[in-house]
Amino acid sequence: MSIDSHYAHPEALVTTAWVSEHLKDENLCLIESNEDILLYDMGHLPGAIHIDWQRDLQNQTIRDYIQPVDFAALCSRSGITPETTCVFYGDKSNWWSCYALWVFRLFGHEHVKIMDGGRDKWIAEGRPLSREVTQRAYSDYPVPPTRNDAEIRAFYDDALLQSRTALPLIDVRSPDEFKGLVTHMPEYPQEGVLRGGHIPGAHSVPWKQAVNKDSTFKSEAELRKIYQEDLGLSPDEKIIAYCRIGERSSHTWFVLNYLLGFQNVRNYDGSWTEWGNRVGAPIEKSL
Amino acid sequence: MPYPPKLESIISLFGGLSDPEKRETLISYAEQSCFQEPKPNEKFDLEDVRKDQECTDTVAVYLRVDEEGNAHFRVTLGPQVQTLTRSMSSILCKGLDGITPREVLEVPADFVPKVVGAELVRVRSQTVYYLLTRMKGVAKVWLQQQQRSGDPVTGDSSPE
């Protein structure tokens, strides 16, 4: 299967076959990001490094991301330069690889791609895994001047304004989470949310609608039908996507931004674990 | 309550390891999880096969209690179960082997961070506790059945 050339940025998506042919490219860094924290150690794509969404990308004290200096250090010890093409892949239909890619974009790293179908597809195709810990030569990644929160990241106040002004908010969680019937994801433990429901005015478009059974992304035409024809979004309007902690909404952010070419999409990473716990935050339920 | 001797020895083993060594050892336990599955023709006193809403895949817990009243667990895990939970299935099947079902109920869950390490115990990894809960659930049902039938093998007639 090849990448749909009609995507707005088809270069942001690569097939497992493409990755297989480029495993030894010097200017390419394969990055595995998973929810299962020991999965990389059980075997990974030959030459891939591991970026742990929690340990490597988040501030370890307050709920926030690392600072530019930390990002430069992470890239330097991972042998990544600003010119390196980072190809992200992982478990869970690429939730965490999209999340890691989104964080890389917060720091302005230009060359980023997702391996379509993620780790499961690579394995299903019988492609090789390695348990060798990848050592890449240290690079000297310059400290980015800033973290571009304003461009692709939304905060509580942004989401509240979006709700009050009836601009599009996309809730990508499961339908029962959206309705307020449950306060945890199906198949997951409770993550400490006190209230169920959704941000007033939000539209329910579960992330899963964007993928096929093998976790590859749907075609451009199928995605456009979901987000433009059925939901009525337009590529130039301000859109905010959210879930529980920002990983599933990173997936939708990737779809809207890279595959459909929407120009003003932000990921509200505080998501429901912030909104559903915040005193006085307005909540809508649709039982 | 002190840990069962076999579990205590596993906890001690982890206590002396550095974080990378802990990781390696957990992976080794995860790889052994397939050996904790029921053997052909093995008979059990209780089988609890289900997929709960808070777990990503089916987890089956099998309990056999021998003539001396000692418990022996087997566990089958679906392919989507996380690696850490796989590690825990090996650790628990080995660590709880040979204790009584009543002793299973008293095993404290506080050994988990000692084995897994603080870095790996996360909100999304809480299912490492899930397996112990399931095993205790099976042990409890077995004890209740014994009480109802008045079987003396439990050696205990205290109410549940």
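Student: Where is A:Ser93 found in chain A?

Tutor: This is a predicted model, so start by placing the residue between its neighbouring elements. A:Ser93 sits in the loop between β4 and α4 of chain A. A:Lys92 is in that loop as well, with β4 covering 85-89 and α4 covering 95-106.

Student: Does A:Ser93 count as buried or exposed, and why?

Tutor: Count the C-beta atoms around it; a residue is buried at 20 or more within 10 Å. A:Ser93 has 24 C-beta neighbours inside 10 Å, so it counts as buried. A:Lys92 has 23 inside 10 Å and therefore counts as buried as well.

Student: Now a helix. Which residues of α7 in chain A are buried?

Tutor: List the buried positions, then look down the axis. In α7(A), residues 156-164, the buried ones are A:Ala159, A:Gln162 and A:Ser163. Their directions fall within an arc of 100° seen down the axis, so these buried residues line one face of the helix. On the other side, A:Asp157 and A:Arg164 are exposed.

Student: What do the buried residues of α7(A) pack against?

Tutor: Strands of chain A: β6 (153-154), β7 (169-171), β9 (239-242) and β10 (265-268).

Student: Let's switch to chain B. How many helices and strands does it have?

Tutor: Begin with the inventory, then the order. Chain B has 6 helices and 3 strands, and along the sequence the pattern is α-α-β-β-β-α-α-α-α. Of its 160 residues, 35% are buried. Among contacts between residues at least 6 apart in sequence, 65% join residues at least 24 apart.

Student: In what order do the strands of the chain B sheet run, and with what pairing?

Tutor: Read across the sheet, strand by strand. Here the order is β1-β2-β3, in an open sheet of 3 strands with antiparallel pairing. β1 (46-50) and β3 (71-77) of chain B stand at the edges, each with a single partner strand, so one side of each has no neighbour in the sheet. Ignoring direction, neighbouring strands are turned by 10° against each other on average.

Student: Over how many bridges do β1(B) and β2(B) pair?

Tutor: Bridges tell you how far a pairing runs. β1(B) and β2(B), residues 59-65, pair in the antiparallel sense over 5 bridges. To pick out one bridge, go to B:Asp48: its partner in β2(B) is B:Val61.

Student: One more feature, helix packing. At roughly what angle do the axes of α1(B) and α3(B) cross?

Tutor: Check distance and angle together. The axes of α1 (residues 5-15) and α3 (residues 83-95) of chain B come within 7 Å and cross at roughly 135°. That angle makes α1(B) oblique to α3(B).

Student: Which residues make the contact?

Tutor: Take the two helices in turn. From α1(B) come B:Lys6, B:Leu7 and B:Ile10, while α3(B) brings B:Ile91, B:Lys94 and B:Gly95. Sorted by class, the contact has 3 nonpolar, 1 polar and 2 charged residues.

Methods: Residues numbered from 1 in each chain as written. Chains lettered and ligands numbered in written order. Predicted model: local features only at pLDDT ≥ 70, side-chain atom pairs only at ≥ 80, totals over all residues. Buried ≥ 20, exposed ≤ 12 C-beta atoms within 10 Å, placed from the backbone. Helix = DSSP H or I, 4+ residues; strand = E, 2+ residues; numbered from the N terminus. Arc of directions from axis to C-beta. Contact = placed C-beta atoms within 7 Å. Axes fitted to C-alpha atoms, helices over the stretch in contact; angles between N-to-C directions. Parallel < 35°, antiparallel > 145°, perpendicular 65-115°, else oblique. Nonpolar A, V, L, I, M, F, W, Y, C, P; charged D, E, K, R; others polar. Pairing = 2+ DSSP bridges.
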